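Have a look at the picture, then read on.

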Amino acid sequence: MNLIFLGPPGAGKGTQAGRVEAAHGLVQLSTGDMLRAAVADGSVIGRQAEEIMERGDLVPDDVVVTIIADRITHPDCANGFILDGFPRTVGQAEALDAMLAEKGMKLHAVIEIRVDDAILVERIRTRIAETGGSRADDSEETLKNRLDVYHAQTAPLIPYYQSQGKLLVVDGMKPVDDVSRDIEEKIGLATA
Ligand code: AMP
């Protein structure tokens, strides 16, 4: 089963994807984590991505598309994967459709975790307070930009996947365990 978790920064995609990964034997693929690892390694991609990520902008489509195209062919993805933070533009979604078709693979469902902006700002403030801002992009200005970028560039994926009949929406403002239960229910319906 191949899934996408879609939602704004701070919606809980990473947490929820981690739970589904464990429950269903899937692999969670976070382009944000991969890019942070590239920055930490000082690789060419990391050097290109560092400043862009600190501003909260998106790295170029071809960079993340190349990373994902390679990663989904690794043997650990044989049972399926959860894309967390990818795609983030319609261009990336089209590239994903093309690469899956070429590899004879299928996307089963897109889970949108819906959360209001005001709640996200509060959550990120709490995360900064708890972690001392350990992520370079955890600042209020960057968050504001990341939300603007989400609405301008990523939210168009909602109608994109709706028109493919793949979109499943959960209310991400409920307590975390309730969100997990709702996601499991949607996955069950999608794969029944
Ligand atoms: P995340 O951990 O998913 O919030 O990603 C952190 C940052 O990495 C984002 O703000 C972007 O700068 C970059 N990034 C992660 N995934 C993508 C993607 N699919 N396309 C472009 N940039 C990305």
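## Around the ligand

Helix α2 (residues 31-41) gives the most to the shell around the ligand, namely 4 residues; helices here are DSSP runs of H or I with at least four residues, strands are E runs of at least two, and both are numbered from the N terminus. Bear in mind that this is a predicted model, where local features need pLDDT of at least 70 and side-chain atom pairs pLDDT 80 or more, while totals for chains, interfaces and linings use all residues. Numbering starts from 1 along each chain as its sequence is written, and side-chain values use heavy atoms, leaving out hydrogens and water.

Who else is there? The ligand has 16 residues around it, and Thr31, Asp57, Gly85, Gln92 and Arg146 come nearest (near means a heavy atom within 4 Å). Here are some polar contacts, meaning pairs of N or O atoms within 3.5 Å:

| Residue and atom | Ligand atom | Distance |
|---|---|---|
| Gly85, polar backbone atom | nitrogen | 2.9 Å |
| Gln92, polar side-chain atom | nitrogen | 2.9 Å |
| Arg146, polar side-chain atom | oxygen | 2.5 Å |

Taken alone, the ligand exposes 480 Å², and the protein buries 96% of that (Shrake-Rupley areas, 1.4 Å probe).

Now for strand β1 (residues 3-6): Leu3 and Phe5 point one way, Ile4 and Leu6 the other, and all are buried (under 20% relative accessible area, 1.4 Å probe, protein chains only). β1 runs parallel to strand β3 (residues 81-84), joined by 3 bridges (pairing takes at least two DSSP bridges), with Ile4 opposite Leu83. β1 also pairs with strand β4 (residues 109-114) in the parallel sense, over 4 bridges, and there Leu3 stands opposite Ala109.

Key: Polar contact = N/O pair within 3.5 Å; in protein donor to acceptor, adjacent residues only side chain to side chain. Buried < 20%, exposed > 50% of the residue type's maximum accessible area, 1.4 Å probe, protein only.
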